Amino acid sequence: HHSGVYPIHTQLYEAWKSVWGIQVTSTEEYPHLRPARYRRGFIHNGIMVLPRQTCGLFTHTIFYNEYPGGSRELDRSIRGGELFLTVLLNPISIFMTHLSNYGNDRLGLYTFESLVRFLQCWTRLRLQTLPPVPLARKYFELFPQERSPLWQNPCDDKRHKDIWSKEKTCDRLPKFLIVGPQKTGTTAIHFFLSLHPAVTSSFPSPSTFEEIQFFNGPNYHKGIDW
């Protein structure tokens, strides 16, 4: 499920790795749900997270004649529409459907079998499938720049805020960051701002002083929870 994959829930990743030995998962929420073409993958705590695409088959979408917008809308998506373009424009496409999509009138089978036939008829694409782990390795071989995550503020997106653990709060994240190289007055700015009664700064550390040391070291890969 989306919960805990992104925005990440650290305890979940630790359990995946230590208890179940999971190496790969996926989400359609990173960095945001829409636009879908901008979805990316990332690696966190040694677990590869792949971008999941949307195929239009949801929990309640189980009958061909009851497809949202009508069956013609589904066929239009398959034959040159959104679903066709998703596969055409993405070197690797990952879809998730529910078991109910394969029961009833086998809507899931109809959708993907029709899509494959259309692609084979009208394109020169060579369609291949791989097990999850080799697939994830291939993905990050093609897109090595996506290995390091781009952390977003979960509180900026209502969907992400709802997915985030109830134990977490937006108040724990900084509202304002002073960014600058050495000897450019950042410490002075920090000092003067801290004099204001409405400003609370990060806790000073003997080794990092007033710096949060999040973006320039190993702490970044610990995620927003850190």
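Mentor: Let's start with a rule: two rings of Phe, Tyr or Trp (its six-membered ring) form a pair if their centres lie within 6.5 Å. Keep in mind that this is a predicted model.

Trainee: How many aromatic pairs does that rule give here?

Mentor: The count comes to 18 aromatic pairs. Tyr 139 and Phe 140 form one of them, with 5.2 Å from centre to centre and 85° between the planes. Planes over 60 degrees apart count as edge-to-face, so that is the label for Tyr 139 and Phe 140. Phe 191 and Phe 192 also make an edge-to-face pair, at 5.5 Å centre to centre and 70° between the planes.

Trainee: Which residues do ring pairs link into a cluster?

Mentor: The cluster joins Tyr 6, Tyr 30, Phe 42, Trp 151, Phe 214, Phe 215, Tyr 220 and Trp 226.

Trainee: How do I read a helix with buried residues, and which residues of helix H5 are buried?

Mentor: An α-helix has 3.6 residues a turn, so residues three or four places apart point the same way. In helix H5 (residues 132-142), the buried ones are Leu 135, Ala 136, Tyr 139 and Phe 140. Their arc around the axis is only 125°, which is why they lie on the same side of H5. Arg 137 and Glu 141 are exposed on the other side of H5. What the buried residues of H5 pack against is strand S1 (24-27), strand S2 (42-44) and strand S3 (47-51).

Trainee: Let me try another helix. Which residues of helix H3 are buried?

Mentor: In helix H3 (residues 82-89) they are Leu 83, Phe 84, Thr 86 and Val 87. These cover an arc of only 160° around the axis, so they share the same side of H3. On the other side of H3 you find Glu 82 and Leu 89 exposed. Helix H2 (71-78) and helix H4 (107-122) are the partners that the buried residues of H3 pack against.

Trainee: And nonpolar cores? Which residues of the largest nonpolar core touch the most other members?

Mentor: That core has 15 residues, and Tyr 6, Ile 8, Tyr 13, Phe 42 and Trp 151 touch the most other members. Helix H1 (10-20) and S3 each supply at least two of its residues. At least three residues of this core come from each of domain 1 (10-146) and domain 2 (174-225). Apart from this core lies another, of 13 residues, among them Cys 55, Phe 84, Val 87 and Phe 112.

Trainee: What is Trp 151 in contact with, leaving aside its neighbours within four places in sequence?

Mentor: Trp 151 contacts Tyr 6, Ile 8, Phe 42, His 44, Phe 214, Tyr 220, Gly 223 and Ile 224, with those sequence neighbours left aside.

Trainee: What distance separates the centres of domain 1 and domain 2?

Mentor: Taken over C-alpha atoms, the centres are 40 Å apart. As for records, an unreviewed UniProt entry lists residues 174-226 for "domain: Sulfotransferase". In the model, residues 174-226 are 17% helix and 0% strand, and their end C-alpha atoms are 12 Å apart.

Conventions: Residues numbered from 1 in each chain as written. Predicted model: local features only at pLDDT ≥ 70, side-chain atom pairs only at ≥ 80, totals over all residues. Heavy atoms only, no water. Buried < 20%, exposed > 50% of the residue type's maximum accessible area, 1.4 Å probe, protein only. Helix = DSSP H or I, 4+ residues; strand = E, 2+ residues; numbered from the N terminus. Arc of directions from axis to C-beta. Contact = heavy atoms within 4.5 Å. Phe/Tyr/Trp six-rings, centres within 6.5 Å; stacked < 30°, edge-to-face > 60°. Domains from an automatic or database assignment. Core = buried A, V, L, I, M, F, W, Y, C linked by side-chain atoms within 4.5 Å. UniProt positions renumbered as here; feature names shortened; annotations may be inferred.
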